[in-house]
Amino acid sequence: MHPKRTDKIATGIIYTVVFAVVAILVFLIGYILVNGVPDINWHFLTSQAQSFSAGGGIRDQLFNSLYLLVLTLIISFPIAMGAGIYLAEYAKDNWITDIIRTSIEVLSSLPSVVVGLFGYLLLVNQLNMGFSILSGAIALTFFNLPLLTRNIEESLNSVPGLQKEAGISLGLSDWKTITKIIVPEALPGILTGVILSSGRVFGEAAALIYTAGQSAPSVSYTNWNIFDPSSFLNPMRPAETLAVHIWKVNTEAVTPDAHAISSGSSAVLIIVILIFNLGARFIGNHIYKKMTAAK
Amino acid sequence: MKTYDFDDKYIINLDSEMAIETDNIQVSYGKNQAIFNTSLKFPRFKIISLIGASGSGKSTYLRCLNRMNDKIATVDGKIMYRNVDINDPKTNVYEVRKHIGMVFQRPNPFSKSIRENIEFALKENGIRDKNELDERVEMSLQDAALWEEVKDELDTSALALSGGQQQRLCIARSIAMKPDILLLDEPASALDPISTSKIEDTVQLLSKNLTVIIVTHNMQQASRISDYTAFFHMGHIIEYNETRKIFTKPKIKATDDYISGDFG
Ligand SMILES: Nc1ncnc2c1ncn2[C@@H]1O[C@H](COP(=O)(O)OP(=O)(O)OP(=O)(O)O)[C@@H](O)[C@H]1O
Ligand SMILES: [Mg+2]
């Protein structure tokens, strides 16, 4: 065939595929938003969920999702950072490193239901942690760790090796060079990765159903004693998240307005995740510009 | 390619005070040997050029002198600096690198402000006094002939500078540590003629207070600025002599062929 024609056909196919992907995405998000946004109002966001009567809100679920996210990041970020730095800067090219990389890959392809059931057996039962935010956060750490580690490793690797040589040639140790030069330079990439993974964590349900639990006992938002079971900060209390709530409302709710609650919750979920994604881009670009003074 | 006898070599006998000397240095990357027993002495406060074809081992040799080959290559032999063998595994390499600075072929300023680029390593070495830091920033930028151009924008990003300015900043960053010896690996090869001549002037000024060892592919540059020149070929030192003599009357056939462009 004529090369020019081949090129035209190939470009045409690529455009069509891209268009299809974008169209599906826009349709999905649009559908959820159009159906859900009318159900969102201040009352919906700030009141408790109802078991039987209409008019329930998602206050606790929304808070639980955010709290769980924060705890998950507190646990997984330092580990991923350490592992990422090790892999990018210290790991030698040998079979041990190969095993580590393969493990991370396997872990990242583990279905989240499996992670959830594993968390249920190990954390909830074996370690007696019960259905709790902490169990959920640890399960989400398993789920989050591989991608976050990979992202941090890649961000560090994208910093030119010349930067490291510059630091070392000034008599700085490897560690100083890494922590004070390489990591700051990789920060926009790392931050973007953290925020994007936050979106994934925020929307995760399967790993949480059997770890953080499916109930949202009423908590007091004025009780700051994290050891008190009724405190909103207590990590040992069960906590249904927004994503789990959507799943539950759709499977077993008996409230008359279940459909509206599910639509509204889905819209809130999507909006939060969109904010995370756009925020990641914005903050990443902003920091990068600030650091490089690109005018 | 012509073949030359590696035993046919000439090394000048020097007896002034030495900044650094290497004794039978051998460097290998895994099984691949890149430098063969090279013994050279570098006199204090002089400029010494290392020349030779691509892959002849100039960078490899230069990087041994401040232990930048650690973790990359195996280096055998002695490197004597102030009566200490700094190639000894027990040597404190961080200390060595503070005394023997290095500037690379491609400018590599940190993504920080001009001031922070210079202050960073100083602060890490415990210099906290604001006046002392300011003074070092100004002195080193003056010495690197950059002060006039950047004195009003010290707090803007170094990455906004031109390539030539960035390279002079890298030199300033190095000399702010007050090293004894400055190693330069083709510092001007990525720069235009004007920046290049600025860097050459800088290097000549600097050699009043320190010893400069510079790798260059530019033979005019070597003959313009250096006092001594060492010619490398396939990992062997072939000729080391006063620059003037090397470029007018080389003693070895290989050197002659190389500088007259009749090589390989
Ligand atoms: N990091 C490395 N790993 C393995 N081999 C290397 C490495 N760096 C250099 N070599 C090899 O060592 C030899 C000498 O290389 P070197 O970079 O010292 O040459 P050079 O004289 O500086 O060349 P150029 O003028 O191109 O910079 C070459 O054969 C090169 O392939
Ligand atoms: Mg080189």
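## Salt bridges across the interface

A salt bridge here is a Lys or Arg side-chain nitrogen within 4 Å of a carboxyl oxygen of Asp or Glu. In this predicted model, chain A and chain B share four of them.

## What chain A brings

On the chain A side, helices H7 (161-169), H8 (174-203) and H11 (258-292) each put in at least two residues that touch chain B. H7(A) gives the most, with seven residues. Sorted by class, that side of chain A comes out as eight nonpolar, six polar and six charged residues.

Overall, 20 residues of chain A contact 24 residues of chain B. The two chains bury about 2,000 Å² between them, and 60% of it is on carbon and sulfur atoms. In chain A, the residues that lose the most area to chain B are A:Leu162, A:Ser169 and A:Leu170, which together make up 30% of what that side buries.

## Around ligand 1

Ligand 1 has 13 residues around it, with B:Ser54, B:Lys58, B:Ser59, B:Thr60 and B:His217 the closest. On its own, ligand 1 exposes 630 Å², and the protein buries 61% of that.

Helix H1 of chain B (residues 58-64) supplies the largest share of the shell, three residues. By class, the shell has seven polar, four nonpolar and two charged residues.

Methods:
Residues numbered from 1 in each chain as written. Chains lettered and ligands numbered in written order. Predicted model: local features only at pLDDT ≥ 70, side-chain atom pairs only at ≥ 80, totals over all residues. Heavy atoms only, no water. Contact = heavy atoms within 4.5 Å. Buried area = accessible area lost by both parts, 1.4 Å probe. Helix = DSSP H or I, 4+ residues; strand = E, 2+ residues; numbered from the N terminus. Nonpolar A, V, L, I, M, F, W, Y, C, P; charged D, E, K, R; others polar. Near = heavy atom within 4 Å. Areas by Shrake-Rupley, 256 points an atom, 1.4 Å probe, with all protein chains shown as cover.
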